[in-house]
Amino acid sequence: MTFREINSKMVEATVAPGQRLFSQRGAMLAYRGDVSFTPNVQGGQGGLMSMIGRRVAGEATPLMTVEGNGTVFFGHGGHHVQVITLSGDTLYVEADRLLAFEGTLRQGTMFMGAQGGVMGLVRGQVTGQGLFTTTLQGHGSVAVMAHGGVFEVPVTPQRPVHVDPQAYVAHHGEIRNRLSTALGWREMVGRGSGEAFQLELSGNGTVYVQASEEKL
């Protein structure tokens with residue numbers, strides 16, 4: 001694994017010749033060795049179309065390409081950092097939550113309406129993701145940011161999971177998700193997000209939930 005958790009708010013990343021990382025601009029705290037940081041204009045491994053997609057999505061979070069031979073320490077804003085390892089599947093996460101990820105992962109953009117139609121669009125607004133979200137696919141590790149710590153909740157066909165939309169961080173696996181409410185519209189007035197709406201995830205995979213309803 002490229003990333004090693006130093007504490008709850010900082011990760012150490014190993015940079016080797018011939019390999020590269022992508023990080024959010026301003027995420028580098030310190031480094032050792034011969035390491036270079038250059039602005040990325042190709043949108044990660046997803047290339048130009050990934051960059052255009054993120055700009056259309058309003059997710060044009062500046063990335064830096066990290067290359068060389070050494071060690072880099074990443075953190076940002078005092079946020080909690082969670083390392084997620086992918087084994088060929090796809091991670092769905094907001095671009096603003098990306099601290100750093102391996103160059104072996106392909107970055108893309110997904111229209112929220114592709115997962116749930118109109119309710120998918122509503123879900124994007126409730127969770128703060130907007131009309132689009134970022135995808136990372138392949139084999140590799142990614143460090144994401146959250147408030148108050150993160151816990152992993154397994155999703156199985158027999159046990160769907162319900163999450164407060166504003167506590168949702170990311171998910172991966174063969175998961176279907178939809179926005180639902182147990183309340184009528186009249187009862188929803190004045191309710192918090194978790195009381196009014198629930199994000200239901202079913203299938204087989206993992207959802208990451210933060211211990212706070214505060215957005216980054």
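1. Basis. Residues are numbered from 1 along each chain as its sequence is written, and side-chain values use heavy atoms, leaving out hydrogens and water. Local features of this predicted model need pLDDT of at least 70 and side-chain atom pairs count only at pLDDT 80 or more, whereas totals for chains, interfaces and linings use all residues.

2. Gln 210. This residue is found in strand E13 (residues 198–210); strands are DSSP runs of at least two residues, numbered from the N terminus. Gln 210 counts as buried because its relative accessibility is 2% (buried: under 20% relative accessible area, 1.4 Å probe, protein chains only). A polar atom of its side chain lies 3.4 Å from the backbone oxygen of Gln 166. Leaving aside residues up to four places away in sequence, Gln 210 touches residues including Arg 97, His 147, Phe 151 and Val 169 (contact: heavy atoms within 4.5 Å).

3. Nonpolar cores. A core is a set of buried Ala, Val, Leu, Ile, Met, Phe, Trp, Tyr and Cys residues joined through side-chain atoms within 4.5 Å. The largest has 17 residues, and those touching the most other members include Ile 84, Leu 91 and Phe 101. Strands E6 (80–93), E7 (98–102), E9 (132–146) and E12 (168–180) each supply at least two residues of this core. Apart from it lies another core, of 16 residues, among them Ala 27 and Val 81.

4. Phe 22 and Phe 101. Both residues are buried. Their ring centres are 5.5 Å apart and their planes at 35°, so the pair is tilted (centres within 6.5 Å; under 30 degrees stacked, over 60 edge-to-face, the rest tilted). Phe 22 lies in strand E3 (residues 20–24) and Phe 101 in strand E7, so the pair ties together parts 79 residues apart in sequence.

Technical notes
Helices (H or I, at least four residues) and strands (E, at least two) are DSSP runs, numbered from the N terminus. Buried means under 20% relative accessible area, exposed over 50%, partly exposed in between (1.4 Å probe, protein chains only). A polar contact is a pair of N or O atoms within 3.5 Å; within protein, one must be able to donate a hydrogen and the other to accept it, and residues adjacent in sequence count only if both atoms are side-chain atoms. Rings of Phe, Tyr and Trp (its six-membered ring) pair if their centres lie within 6.5 Å; planes under 30 degrees apart count as stacked, over 60 as edge-to-face and the rest as tilted.
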